Amino acid sequence: MNKAVKKVLNVIIDIIVILILIVSILVVVLSLTSKSSGVPNVFGYAPLSVQSNSMKDTLNEGDLIFSKVSQDSTDRFKVGDIVSFYQNIDGQDRINTHRIIEVIPDESTEYYRTQGDNKDTNPEPDKELKKPTDILAVYTGTKIPGIGNFFSFIRTQLGFFLVILLPMIIFFVYESVRVVMNIIAYNKAKATELAAEQIANSELTEGQKQRAGHDDRHIFRADAVQHVRADTGNGENAFYDHRAAQYAGKAADPRGVREGFHHGAE
């Protein structure tokens, strides 16, 4: 694979991993905060998924809305506010988001009557009045269409596994394989380099041996001439130098050289 393609692929994978890490951290934070405040809470704001069309066309099913979390029991709300609260739907307590259509004052508190904007699905107001402590969050007017379903899915066990855990497992397997391949490539390169060094050293050693043998022959011949001179004296140096040059390459024993010299002299 081309190095440029590998580099681009690695950058894309790193970006995907970073996004997955951010989403996973966000999911964990939202899950933990929802247990304490009743709704997911990130810096005082709750991202909520619209689960029905009871607020159509203001809010549509699948929208992700952002609401300000109500953390004070003394908070008061007004007509027109779109608020989220727990409501029993099909036998389960779920977060529902409707508009306040009436404020009913009381001596120490006040109550709120709510209703969905979609009169086809909600022709009548909600049966139960809401107290200030029942209100979980107030819609800020910010929404992202179509993201709510994905947000709800990743908060399920199956969604968390498919969107968060499985990609992370694949990433770690890919990184492990890449590390192993890099180690193998490094070891192969080192082995090739070591083999090249050994070949170079072997060739250098053979050359050194050849030069050493050539130098040894010159040294032996010079030593032979010196021995001959030492045995015969100054008067016959020229003669024995000539004979020594003849015998130096043939005789390993200096005595043999000297005997040949004496025999020639006779």
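The charged end of K130 sits over the ring of F85, at 4.5 Å from the ring centre. A like arrangement involves K68, whose charged end sits over the ring of Y45 at 5.2 Å from its centre. The model in which these arrangements occur is a predicted one.

| Charged residue | Ring | Distance to ring centre |
|---|---|---|
| K130 | F85 | 4.5 Å |
| K68 | Y45 | 5.2 Å |

**Confidence**

The mean pLDDT of the protein chain is 77, and 74% of its residues reach 70 or more. Among the elements, strand β5 (residues 110-115) has the highest mean pLDDT, at 95, whereas helix α5 (residues 254-265) has the lowest, at 45. Over residues 227-242 the pLDDT stays under 50, and the model has 12 contacts beyond four places in sequence for this stretch. Residues 247-254 also stay under 50, with 10 contacts beyond four places in sequence.

**Aromatic pairs**

Two aromatic pairs are present in the structure. In the pair of F77 and Y112, the ring centres are 5.7 Å apart and the planes lie at 75 degrees; since edge-to-face requires an angle over 60 degrees, the pair is therefore edge-to-face. F77 belongs to the loop between β2 (64-69) and β3 (82-89), while Y112 belongs to strand β5, so the pair ties together parts that are 35 residues apart in sequence. F77 and Y112 are both buried.

**Strand pairing**

Strand β4 (residues 92-105) and β5 run antiparallel and are joined by six bridges. With four residues between them, β4 and β5 form a hairpin. Within this pairing, I100 has T114 of β5 as its bridge partner.

Strand β6 (residues 137-144) pairs with β2 in the antiparallel sense over six bridges, and the bridge partner of V69 in β6 is A137. β6 also pairs with β3, again in the antiparallel sense, over two bridges. Opposite V83 stands V138 of β6.

In soluble globular proteins, nonpolar side chains tend to be buried together. The largest nonpolar core of this model has 11 residues: V39, A46, L48, V50, M55, L59, I65, V69, I82, L136 and Y139. β1 (45-49) and β2 are the elements that give two or more residues to this core. Apart from it lies another core, of seven residues, including F77, F85, I100 and V138.

V39, a member of the largest core, is in contact with T33, S34, A46, L48, V69, I95 and L136 when neighbours within four places in sequence are left aside.

T97 lies in strand β4. Its relative accessible area is 14%, and since buried means under 20%, T97 is buried. Leaving aside neighbours within four places in sequence, T97 is in contact with S54, M55, L59, I65, I82, V83 and S84. The C-alpha atoms of T97 and Q51 are separated by 9.3 Å, although the two residues are 46 residues apart along the chain.

Notes. Residues numbered from 1 in each chain as written. Predicted model: local features only at pLDDT ≥ 70, side-chain atom pairs only at ≥ 80, totals over all residues. Heavy atoms only, no water. pLDDT = per-residue confidence, 0-100. Contact = heavy atoms within 4.5 Å. Phe/Tyr/Trp six-rings, centres within 6.5 Å; stacked < 30°, edge-to-face > 60°. Buried < 20%, exposed > 50% of the residue type's maximum accessible area, 1.4 Å probe, protein only. Lys NZ or Arg CZ within 6 Å of the ring centre and 35° of its normal. Pairing = 2+ DSSP bridges. Core = buried A, V, L, I, M, F, W, Y, C linked by side-chain atoms within 4.5 Å.
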